[in-house]
Structures are given as C-alpha cells and as structure tokens.
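Dear colleague,

Please find the structure below for your records.

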Amino acid sequence: MQMDWAKGLLRPDAEVRESVKTLGQLSGIFANTKALREMDPTTVVYRVQAWCPIPEGTEGGLFWGTTVVEPGLVDSEYFMTHGHFHLKRDRTEYYGTIEGEGALVLMDETRATWMEPMGAGTVHFIRPRVAHRVANIGKSPLRFVACWPSDAGHDYESILGSVRGFSMSGVARCSSKAMRDFPNPTRFSCLSKNLIQASMSAS
Ligand code: PAN
Ligand code: ZN
C-alpha cells in the first residue's frame, strides 16, 4: 500500500473503499435544517478512504483509513463527520492529524461530551464505549488518518436525533484559542454546555 503523507491520501487500490459524504446525505446531523435546505445538497462535506485488507467483521485485524473534512458552515455549525459509536462498544481507535484545524468531539454512554483539539501531529486514542465525531474548525481541509479493529463496526443510529445525539451538537462557537485554554481533554456534561459555550464565545 502507498500513502501520500503530505495529502493524507491512500493510492486507489482494490482493497481501498472510498466514500464521499455530501450535505444532502447528512441532513440528520445539523441542527438548522432550514439553513441546510437552502444550501447545495451536492456540496462535499468529507471524503473517506478505508483500506480493508481482510473482510469486515474479522476478529483480530485492523483497518487503516483517511478522512478529509472540508471547511464550511451550516448556519453556525462547522462541517463535521456523521459520528458513531462502534457496534462492538469496547473497540477502540487511533486518529492522527496530518493538517488542518479540528475538534474531535467525544461522548460516552452517559452522554458526557468533551473535545480534543486537532492540529498537525496530534494523535488521539478513542477509548472503549466512546462515540467520536470530527469538526473542521479551520479555513482549509482537515486531514487525518485512523486505525480501528476490523470487527468494530459502526453504529450511526445511536447518535442521530436531538434526544439521542451528541449532547453538544454544534461546535461553531469554539475557537481554537478557546480550546487551547481548556484542559485537554475538556470534559463537560449537558448541564455545563451553556457555560462552556459562553466561555468559548468570550475568548
Ligand atoms: C473513521 C470514520 C471516518 C468518517 O474512519 O469512519 O472519519 O466518519 P463517520 O464514519 O462518522 O462518517 C472511523 O472512526 N472509523 O471507525
Ligand atoms: Zn470509529
């Protein structure tokens, strides 16, 4: 396998699955559905490549992937990945940032949500039973690699909707400066969401 480390892209190959997510395919994740409807549904939000050299579901294997999230906003929310728990909840993952400025939004099964700032060189360990989503909070494409178990699976259903979704849906108000000012990882519950957003807006 060959990877262009500068661009964070894998060389197309029979074992590499590629997918593109557009605004039209992500209607469930942005809060302002009216603003979303007024945008071009074919706009690309992110692209994913996954190198799957063994069948999905194989125990003991690993997959390698790369994601490019474009810069952009839907109203006040940054372009972001759909986000998911792993179907096998105890399966973990690494993310490593190649370039760009991002927020890795993490949520455990009690819906406690926190963030880790992403920038060139940051490496993130996603612990068991933690949902993960990435927002591009910068002005250029955000590129990161990922490595996860081949039997992890993806549960997108559990984070959809305003009730079951990430407890902090929008991250538009968090500047990278504000994120740097918070301890890493920043942990907060639904109750402190307003406080956090107010602190971030003030920075
Ligand atoms: C990543 C993600 C990728 C796209 O490879 O699948 O960044 O995000 P969504 O799957 O949430 O659309 C990963 O976490 N794999 O497990
Ligand atoms: Zn994952």
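**Findings**

The shell around ligand 1 consists of 4 nonpolar residues, 8 polar residues and 1 charged residue. Please bear in mind that this is a predicted model. Among the 13 residues around ligand 1, those that come nearest are Gly65, Thr67, Thr81, His82 and Ala146. Two strands, S5 (62-69) and S13 (142-149), each contribute at least two residues to this shell.

As to the overall architecture, the protein chain contains 3 helices and 14 strands. Of its 203 residues, 30% are buried. Among contacts with a separation of 6 or more, 74% are between residues 24 or more positions apart.

Strands S5 and S13 also take part in an open sheet of 6 strands, in the order S3-S4-S5-S13-S8-S11, with antiparallel pairing. Its edge strands, S3 (16-22) and S11 (123-126), each pair on one side only. On average, neighbouring strands of this sheet are turned by 20° against each other, direction ignored. Within the sheet, S4 and S5 run antiparallel and are joined by 6 bridges. Arg47 stands opposite Val68 of S5.

The largest nonpolar core comprises 28 residues, of which Val69 and Leu104 touch the most other members. Two or more residues of this core come from each of S4 (44-51), S5, S8 (93-99), S9 (102-108), S10 (113-118), S12 (130-136) and S13. The largest contribution is that of S9, with 5 residues. In general, nonpolar side chains tend to be buried together in soluble globular proteins. Beyond its neighbours within four places in sequence, Leu104 is in contact with Tyr95, Met115, Glu116, Met118, His124, His132 and Val134.

Strands S9 and S10 deserve a separate paragraph. They run antiparallel and are joined by 6 bridges; Leu106 has Trp114 in S10 as its bridge partner. The hairpin formed by S9 and S10 has 4 residues between the strands, and Arg111 takes a positive phi near 75° there. Why is S10 described as largely enclosed by the rest of the structure? The reason is that 6 of the 6 residues of S10 are buried. In a regular strand, side chains alternate between the two faces of the sheet. In S10, Thr113, Met115 and Pro117 point one way, while Trp114, Glu116 and Met118 point the other way, and all are buried.

With kind regards

Key
Residues are numbered from 1 along each chain as its sequence is written. Chains are lettered from A and ligands numbered from 1 in the order in which they are written. This is a predicted model: local features need pLDDT of at least 70, side-chain atom pairs count only at pLDDT 80 or more; totals for chains, interfaces and linings use all residues. A residue is buried if 20 or more other C-beta atoms lie within 10 Å of its own, exposed if 12 or fewer, and partly exposed in between; C-beta atoms are placed from the backbone. Two residues are in contact if their C-beta atoms, placed from the backbone, lie within 7 Å. A residue is near a molecule or strand if its C-beta atom, placed from the backbone, lies within 6 Å of it. Ala, Val, Leu, Ile, Met, Phe, Trp, Tyr, Cys and Pro count as nonpolar, Asp, Glu, Lys and Arg as charged, and the others, Gly among them, as polar. A nonpolar core is a set of buried Ala, Val, Leu, Ile, Met, Phe, Trp, Tyr and Cys residues joined through C-beta atoms within 7 Å. Two strands pair if DSSP finds at least two bridges between them. Axes are lines fitted to C-alpha atoms, for helices over the stretch in contact, and angles run from 0 to 180 degrees between N-to-C directions.
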